[in-house]
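Here is a quick tour for anyone meeting this structure for the first time. Have a look at the chain, then read on.

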Amino acid sequence: MPIDPAVAIGAEMPGRDLSWTTTDVLLYHLALGARADEMSYVYERDLRVLPTFAVVASTLRDTAPPALDMPGVDVSLASALHGREELVIHRPLPVAGDAKAWSRIADVYDKGSAAIVVLEIGTPYYTIRRSVFLRGEGGFGGDRGPKTTVAVPERAPDAEVLCHTWLEQPMLYRLLGDRNPLHADPDFAALAGFPRPILHGLCTYGMVCKAVVDAMLDGDPSTVTGYSARFAGVVFPGETLRVRIWRADGGYAVTATVVDRDDAPALSDALLTVSG
């Protein structure tokens with residue numbers, strides 16, 4: 001069968017030796033839309049690293065499309081969507097460095113019409129829990145998984161930020177290693193059910209993190225301890241994101257919607273935590 005939880009859960013994947021330079025960090029920030037006057041993002045002298053750089057650290061040198069090559073999981077890449085991303089920061093990432101990364105399948109959930117495979121990727125700097133949503137692959141009788149909702153206060157947000165995407169943005173972001181044709185190839189996007197290529201979900205994820213860091217943390221990412229979000233909808237290059245931010249226990253509750261489509265959801269159940 002396409003998914004065998006008995007084989008998949010707990011299976012370890014090959015580790016990777018990671019390395020990055022200031023060039024990689026600068027490219028990442030530019031791909032998120034950092035401006036020329038944001039010197040701590042675009043110039044190496046006073047460079048600070050957004051914590052979400054962690055999500056591309058494992059793919060920086062990749063030049064082939066990602067493959068769903070996992071023990072106990074035999075499905076097509078066209079059926080896969082990014083469901084949720086959770087990042088836990090153990091210590092701030094340096095502007096250049098190296099690390100050994102490990103990865104494993106942490107769990108498999110059965111949503112009925114779909115399945116979710118949860119991957120864990122870790123280094124001494126961070127741990128990522130990545131949920132891959134597989135359409136049409138549920139119904140095998142597994143656990144549905146925990147709820148990950150984040151309550152948004154019933155009041156006006158403490159800050160609201162507009163983030164503009166642009167048509168060439170996915171072409172720039174894919175140079176960080178995510179060569180999924182869904183973000184570049186109109187024919188593949190149509191096969192996946194979309195009218196045109198969509199922006200990388202992790203690009204949206206990074207843009208929203210940057211918006212919170214800039215609006216609420218004075219552009220200083222060093223106090224961020226964690227960031228999680230559910231991918232609630234797609235973003236097409238050229239659209240504008242509306243990021244709403246509320247102060248919450250331990251950090252900030254966040255939503256991101258697409259202005260151009262009557263505030264259709266893009267990210268939901270998002271929470272950015274900070275130290276202190």
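Let's begin with Thr 255, which sits in strand E9 (residues 251-258). Helices (H or I, at least four residues) and strands (E, at least two) are DSSP runs, numbered from the N terminus. With a relative accessibility of 18%, Thr 255 counts as buried; buried means under 20% relative accessible area, exposed over 50%, and partly exposed in between (1.4 Å probe, protein chains only). Setting aside neighbours within four places in sequence, Thr 255 is in contact with Val 152, Arg 242, Val 243, Arg 244, Trp 246 and Leu 267, where contact means heavy atoms within 4.5 Å.

A word on the background: this is a predicted model, in which local features need pLDDT of at least 70 and side-chain atom pairs count only at pLDDT 80 or more, while totals for chains, interfaces and linings use all residues. Residues are numbered from 1 along each chain as its sequence is written, and side-chain values use heavy atoms, leaving out hydrogens and water.

## The sheet

Ten strands make up an open sheet, in the order E1-E3-E4-E5-E2-E7-E10-E9-E8-E6, and the pairing is antiparallel. E1 and strand E6 (159-164) stand at the edges with a single partner strand each, so one side of each has no neighbour in the sheet. Neighbouring strands are turned by 20 degrees against each other on average, direction ignored. That angle is taken between axes, which are lines fitted to C-alpha atoms (for helices over the stretch in contact), with angles running from 0 to 180 degrees between N-to-C directions. Two strands pair if DSSP finds at least two bridges between them.

Now for some of the pairings. Strand E4 (residues 114-122) and strand E5 (residues 126-135) pair over nine antiparallel bridges, and Gly 122 has Thr 127 in E5 as its bridge partner. Strand E7 is mostly covered, with six of its eight residues buried. Five bridges join E7 to strand E2 (residues 80-89), antiparallel again, and here Glu 85 stands opposite Ala 229 in E7.

## Helix H2 and the cores

Helix H2 (residues 22-31) has these buried residues: Asp 24, Val 25, Leu 26, Tyr 28, His 29 and Ala 31. They pack against strand E1 (12-20), helix H3 (39-42), helix H4 (169-173) and helix H6 (201-216). After H2 comes Gly 33, with a positive phi near 100 degrees.

Tyr 28 turns up again in the largest nonpolar core, which has 60 residues; Trp 20, Tyr 28, Phe 53, Tyr 126 and Tyr 173 have the most contacts inside it. The largest share of this core, ten residues, comes from H6. Another core lies apart from it, with 16 residues, among them Ala 8, Met 13, Val 73 and Val 132. A nonpolar core, by the way, is a set of buried Ala, Val, Leu, Ile, Met, Phe, Trp, Tyr and Cys residues joined through side-chain atoms within 4.5 Å. As for Phe 53, it touches Trp 20, Asp 24, Val 25, Tyr 28, Leu 60 and Leu 93, not counting residues up to four places away in sequence.

## Aromatic rings

Across the whole structure there are six aromatic pairs. Rings of Phe, Tyr and Trp (its six-membered ring) pair if their centres lie within 6.5 Å; planes under 30 degrees apart count as stacked, over 60 as edge-to-face and the rest as tilted. Tyr 205 and Tyr 227 have ring centres 4.2 Å apart and planes at 25 degrees, so this pair is stacked. The pair links distant parts of the chain: Tyr 205 is in helix H6 and Tyr 227 in strand E7 (residues 224-231), 22 residues apart. Tyr 205 is buried at 0% relative accessible area, and Tyr 227 is buried at 2%.

Ring pairs also link Trp 20, Tyr 28, Phe 53, Tyr 125 and Tyr 173 into a cluster.

Finally, Asp 218 lies in the loop between H6 and E7 and has a positive phi, near 55 degrees, without being a glycine. Asp 218 is exposed, at 71% relative accessibility. Asp 262, in the loop between E9 and E10, also has a positive phi, about 55 degrees, and is exposed at 77%.
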